[in-house]
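Work through the following exercises with the coordinates open, and compare each solution with the atoms themselves.

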Amino acid sequence: MTRTLVFGGARSGKSAYAEKLAAQSGKRVVYIATAQAGDAEMQTRIALHRQQRPADWITVEQTVELAGAIRQHAAPDTLILVDCLTVWLSNLLFSGQRDYPEVGTIIPPDSFAQQRAQLLEVLQEVQNAQGEVILVSNEVGMGIVPQGAISRWFVDEAGRLNQAVAAACDRVFWIAAGLPLALKS
């Protein structure tokens with residue numbers, strides 16, 4: 001199984017590039033969407049993404065248990081497209097429905113480490129299987145250091161997650177201004 005990470009900044013064209021790779025694969029596409037429609041803006045974004053996807057793609061909405069969804073849908077004739085890891089990371093962080101301090105130590109929910117480990121494990125499991133996985137993620141650590149503790153924690157964890165996923169992937173593409181740069185192939 002080919003494992004690909006496509007990452008870049010907000011509105012860089014990473015989802016469009018990942019979708020292009022998926023469409024060109026010639027395989028059945030299972031699109032695992034991690035976003036939750038928590039407010040009107042997200043509802044609009046999700047609706048737009050749904051309209052833009054080909055009608056024959058299967059959409060699976062999975063906000064937390066990502067590894068299980070990948071395991072369930074992995075098959076030799078299938079390409080799994082996960083969009084996106086940083087939204088998933090945010091879902092994990094707030095899955096415990098707790099408030100976080102602006103200053104001090106951030107302690108994520110117990111499920112955080114477990115779900116993260118399971119994702120990295122499933123990427124190793126599918127390495128020898130047929131099929132493909134494309135994971136989309138944001139690069140959030142290239143700007144200023146955020147002020148609040150929870151924002152700094154998120155930037156740090158997103159960076160660590162991107163590093164771990166990139167290490168597990170066969171291909172990694174950085175997207176800027178809609179243009180891909182192969183970092184690993």
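**Exercise 1.** How far is the sulfur of C169 from the closest cysteine sulfur, and in which residue is that sulfur?

*Solution.* This is a predicted model, in which local features need pLDDT of at least 70 and side-chain atom pairs count only at pLDDT 80 or more, while totals for chains, interfaces and linings use all residues. Residues are numbered from 1 along each chain as its sequence is written, and side-chain values use heavy atoms, with hydrogens and water left out. The closest cysteine sulfur to that of C169 belongs to C84 and lies 14 Å away, which is too far for a bond. A disulfide is a pair of cysteine sulfur atoms within 2.5 Å, and a search of the whole structure accordingly returns zero of them.

**Exercise 2.** Which strands pair with β6, and in which sense?

*Solution.* Strands (E, at least two residues) and helices (H or I, at least four) are DSSP runs numbered from the N terminus, and two strands pair if DSSP finds at least two bridges between them. Strand β1 (residues 2-8) runs parallel to β6 (residues 171-176) over five bridges, and F7 has W174 as its bridge partner in β6. Strand β7 (residues 179-184) is antiparallel to β6, again over five bridges, with V172 opposite K184. Two residues separate the strands of the β6 and β7 hairpin, where A177 takes a positive phi near 55 degrees.

**Exercise 3.** Is R3 buried or exposed, and what does its side chain reach?

*Solution.* R3 sits in strand β1 and is buried, with a relative accessible area of 3%. The side chain of R3 comes to 3.1 Å from the backbone oxygen of L123.

Notes: Buried means under 20% relative accessible area, exposed over 50%, partly exposed in between (1.4 Å probe, protein chains only). A polar contact is a pair of N or O atoms within 3.5 Å; within protein, one must be able to donate a hydrogen and the other to accept it, and residues adjacent in sequence count only if both atoms are side-chain atoms.
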